[in-house]
2 protein chains.
Amino acid sequence: MHILITGAAGMIGRKLIARLAADGALAGRPVEKLTLLDVAGTPQRPEKFAGKFDAIAGDLADSTVARNAVAGRPDVVFHLAAVVSGEAELDFDKGIHVNFDGSRALLDAIRTVGDDYHPRVIFASSIAVFGAPFPDTIPDEFFVTPLTSYGTQKAMTELLLADYTRRGFLDGIGIRLPNIVVRPGKPNKAASGFFSSIIREPLAGEEAVLPVDDSVRNWHASPRAATGFLIHAATLEPKAVGPRVNLTMPGLCCTVAEQIAALRRIAGDKVAARIRRLPDPLIARIVGGWPARFDARRAIALGFKAENSFDAIIRAHIDDELGGSIAR
Amino acid sequence: MHILITGAAGMIGRKLIARLAADGALAGRPVEKLTLLDVAGTPQRPEKFAGKFDAIAGDLADSTVARNAVAGRPDVVFHLAAVVSGEAELDFDKGIHVNFDGSRALLDAIRTVGDDYHPRVIFASSIAVFGAPFPDTIPDEFFVTPLTSYGTQKAMTELLLADYTRRGFLDGIGIRLPNIVVRPGKPNKAASGFFSSIIREPLAGEEAVLPVDDSVRNWHASPRAATGFLIHAATLEPKAVGPRVNLTMPGLCCTVAEQIAALRRIAGDKVAARIRRLPDPLIARIVGGWPARFDARRAIALGFKAENSFDAIIRAHIDDELGGSIAR
């Protein structure tokens with residue numbers, strides 16, 4: 001099994017690579033080769049991976065880079081490369097170049113390899129393809145009316161992926177990721193950043209700012225669950241998925257109050273007291289336009305699994321990022 | 001008022017031009033200039049139009065052509081240029097080039113004019129953005145999962161149009177046209193061709209072939225109604241439309257049996273007897289994947305109007321194409 005990962009240097013990319021290196025197998029077959037691509041520089045060979053290894057530094061929207069990436073005919077392609085929502089909104093040209101033109105160049109490079117080349121392509125999409133107003137619970141058949149350029153570019157790629165799959169150019173599955181929390185690393189300026197920082201910073205002994213009301217809801221899954229979605233997608237039979245290849249992933253709908261209550265249960269009052277309330281109407285407005293609750297029936301029936309409590313999400317963070325310990 | 005029409009030589013283009021020339025006005029303002037673009041050759045000045053006139057022969061996907069088309073800063077752009085469903089399915093590269101790359105080049109040319117240029121852009125989309133299976137009646141919030149490359153390319157353009165509108169680059173409205181019937185002209189090989197030919201040929205004294213069962217349904221509107229949708233879209237206030245700019249047009253859901261009954265009512269038994277039944281399982285299968293009934297609530301609330309009987313659709317054809325007379 002030869003696996004290509006685009007956007008290998010991103011947070012999800014690094015998690016996925018570590019998991020594949022640890023498992024040594026995907027969909028029941030040994031991982032013999034890894035090809036890692038990122039625009040930010042040449043990816044390094046992952047620790048604990050002894051198989052063949054190739055690394056590419058480059059912009060996927062450059063058709064030479066895209067053709068080079070698939071020249072070794074990877075069996076499974078994890079397409080994670082993207083600029084995030086905030087950046088795609090600030091820099092329209094960069095967003096569409098990376099998020100759409102890069103995706104299209106990858107799909108076209110696969111299509112033109114020829115010789116019955118037909119890999120599984122797993123595309124990291126996002127629940128940002130949806131735009132408010134929403135029903136209380138969003139069904140699988142709900143329409144896609146994004147309110148960001150990022151969501152638009154993801155939705156356009158989903159359409160291409162489905163058409164290329166239907167035409168037999170490749171075997172695609174689009175995975176609409178929930179809000180991923182607790183993100184490791186430093187606080188960033190993403191409007192969604194506080195969902196992670198109100199957990200991550202207190203657990204590390206630092207103060208965090210909560211800019212929205214306690215009643216705000218979102219649709220969450222851990223980085224560990226996100227990695228699991230990608231891995232699971234590689235195991236599915238195309239017949240089980242059918243022509244509607246873009247799937248909203250399961251997640252956990254909970255309020256900020258429920259997040260804080262879970263933190264208190266796990267880490268105690270002193271840790272939970274490190275959250276400072278500082279309302280920010282702009283962030284409140286942005287977050288208010290995001291989808292918060294799905295009935296992700298198809299993905300669940302196909303075996304995708306997310307956490308079913310925020311406690312489990314916090315515990316995954318403590319285990320995976322903090323070596324099991326908390327700064328009480 | 002300066003109006004640009006792309007795909008000016010197509011059936012809808014010619015109907016729209018004739019209507020604009022006859023009306024002499026659009027959205028309450030006199031039509032001072034018409035710019036017509038088509039890839040098939042240089043469009044001719046329409047009869048009865050005395051205003052300024054410009055004609056462009058060229059491929060809109062060529063950014064020079066696209067920039068040239070909007071250099072005169074048209075106030076309203078009707079973007080009709082497209083290759084049809086069957087052709088986009090047979091020639092993938094041509095389909096995406098014309099239907100998507102051409103659309104994107106037009107939208108980008110508008111975006112880069114600068115200087116607060118912000119035209120109304122009316123995009124002829126299609127109910128082919130939808131793919132089976134469907135509920136009995138398809139609501140406005142139903143998701144878009146096309147089963148043709150044509151539908152995919154229309155859906156991708158809809159997403160771009162909405163994002164460009166949201167960002168303030170232009171003021172877009174996407175009009176999802178029903179099956180247009182009765183199409184004038186000769187029978188063609190489109191799988192949908194029989195919906196028109198079983199009316200058009202008998203009215204002209206010729207035999208027509210019906211390849212599907214009488215119980216087959218579709219979502220119909222006349223060429224006159226389609227022209228009306230485009231004209232009406234030019235009059236709408238952006239605030240009334242909101243950010244969900246792609247609208248499923250109203251239409252008439254009826255069966256083939258109801259089409260034939262209307263033909264018999266209007267033209268008599270002898271005319272209706274010119275329909276010969278010759279089942280074609282391939283056509284039956286293709287047509288079975290098409291949407292047949294919508295609850296087009298938003299478009300109706302915005303004032304779009306379609307025929308409410310198949311009799312009215314046949315009468316529009318007799319008036320507009322046959323000078324009011326039938327070959328009995």
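In chain A of this predicted model, A:Phe143 is the residue whose C-alpha comes closest to the rotation axis, at 1.9 Å. That axis relates chain A to chain B: a rotation of 180° with 0.0 Å of shift along the axis superposes the former on the latter, with an RMSD of 0.0 Å. The two copies are thus related as by a two-fold rotation axis.

**Interface between chains A and B**

- Contacts link 18 residues of chain A with 18 residues of chain B.
- On the side of chain A that touches chain B, helix H5 (residues 149–166) of chain A gives the most, contributing eight residues.
- By class, this side of chain A comprises 10 nonpolar, three polar and five charged residues.
- Of the interface residues of chain A, 100% are also interface residues in chain B, so the copies meet through the same surface.

**Helix H13 of chain A**

- Helix H13 of chain A spans residues 310–321, 12 residues in total, and reaches 16 Å from its first C-alpha to its last, close to the 16 Å expected at 1.5 Å a residue.
- The buried residues of H13(A) are A:Phe310, A:Ile313, A:Ile314 and A:His317.
- Viewed down the axis of H13(A), these buried residues fall within an arc of 95°, so they line one face of the helix.
- The packing partners of the buried residues of H13(A), in chain A, are helix H6 (193–203), strand S12 (217–221), strand S14 (252–255) and helix H9 (256–267).
- After H13(A) comes A:Gly323, which has a positive phi, near 60°.

Methods
Residues numbered from 1 in each chain as written. Chains lettered and ligands numbered in written order. Predicted model: local features only at pLDDT ≥ 70, side-chain atom pairs only at ≥ 80, totals over all residues. Contact = placed C-beta atoms within 7 Å. Helix = DSSP H or I, 4+ residues; strand = E, 2+ residues; numbered from the N terminus. Nonpolar A, V, L, I, M, F, W, Y, C, P; charged D, E, K, R; others polar. Least-squares fit on C-alpha atoms with pLDDT ≥ 70 in both. Expected span 1.5 Å × (residues − 1). Buried ≥ 20, exposed ≤ 12 C-beta atoms within 10 Å, placed from the backbone. Arc of directions from axis to C-beta.
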